[in-house]
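Have the sequence and the 3D view open as you read.

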Amino acid sequence: MSDHYHDQNDLKFLGEMKNLAPEDFKAWLNLDSIVKREDGAIPRKYRELIAVAVACTTQCPYCLEVHAKAAKAAGATRAELTESAFLAAALRAGGAATHGAMALKFFDQE
């Protein structure tokens, strides 16, 4: 049994995706370099914590694993990682509430 709720074997399909759309795959893969930058205005540790928060909202288990480990390697603490997750939860909840307000707007339309 896996230690993860996701199946690591699913990653084998990335190879097929690379073969089916090589330029798109390369562009997608290069996006990760944005997080790994060392010379940006945002320090690496905070880039990784932001990536963890985004992974919490997008619910990507692979991103969550990679960026949680990278945040630790960049010097983040367990408390910082936890706060990042709660920041993501707060923003996601805010989005749900404002979409609820939009639903009321649509409900009242004829």
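The crossing of α4 and α5 is left-handed, a label used when the near helix is turned anticlockwise from the far one by less than a right angle, with right-handed meaning clockwise. Helices here are DSSP runs of H or I with at least four residues, numbered from the N terminus. This is a predicted model, in which local features need pLDDT of at least 70 and side-chain atom pairs count only at pLDDT 80 or more, while totals for chains, interfaces and linings use all residues. Residues are numbered from 1 along each chain as its sequence is written, and side-chain values use heavy atoms, with hydrogens and water left out.

Helix α4 covers residues 44–58 and helix α5 covers residues 61–73; the two pack at about 155°, their axes 8 Å apart. Axes are lines fitted to C-alpha atoms, for helices over the stretch in contact, and angles run from 0 to 180 degrees between N-to-C directions. That angle makes α4 roughly antiparallel to α5 (over 145 degrees; under 35 is roughly parallel, 65 to 115 roughly perpendicular and the rest oblique). On the α4 side the contact (heavy atoms within 4.5 Å) is made by Glu48, Leu49, Ala51, Val52, Ala55 and Cys56, and on the α5 side by Cys63, Leu64, His67, Ala68, Ala70 and Ala71. By class, that contact splits into 10 nonpolar, 1 polar and 1 charged residue. Nonpolar covers Ala, Val, Leu, Ile, Met, Phe, Trp, Tyr, Cys and Pro, charged covers Asp, Glu, Lys and Arg, and the others, Gly among them, are polar.

Now follow α4 over to α6. These two pack at about 45°, with axes 8 Å apart, which makes α4 oblique to α6. Their crossing is right-handed. Lys45, Leu49, Val52, Ala53, Cys56 and Thr57 of α4 meet Glu80, Leu81, Ser84, Ala85, Ala88 and Arg92 of α6, a set with 7 nonpolar, 2 polar and 3 charged residues.

Leu14, Met17, Lys18, Asn19 and Leu20 of α1 touch Pro22, Phe25 and Trp28 of α2.

Next, the pockets. A pocket is an open set of points on a 1 Å grid over the protein atoms alone, where a 1.4 Å probe fits, with protein on both sides within 12 Å along at least five of seven lines; lining residues have an atom within 4 Å of a point. The largest pocket holds about 510 Å³ of space, the volume being the space filled by probe spheres set on the points, which are joined across faces, edges and corners. Of its 19 lining residues, Trp28, Asp32, Cys60, Cys63 and His67 are the closest to the centre. The elements giving two or more residues to this lining are α2 (22–30), α3 (32–36), α4 and α5, and the lining divides into 14 nonpolar, 3 polar and 2 charged residues.

The second largest pocket holds about 190 Å³. Its lining is Ala68, Lys69, Ala71, Lys72, Ala76, Thr77, Arg78, Leu81 and Thr82, with α5 giving the most, 4 residues. This lining has 4 nonpolar, 2 polar and 3 charged residues.
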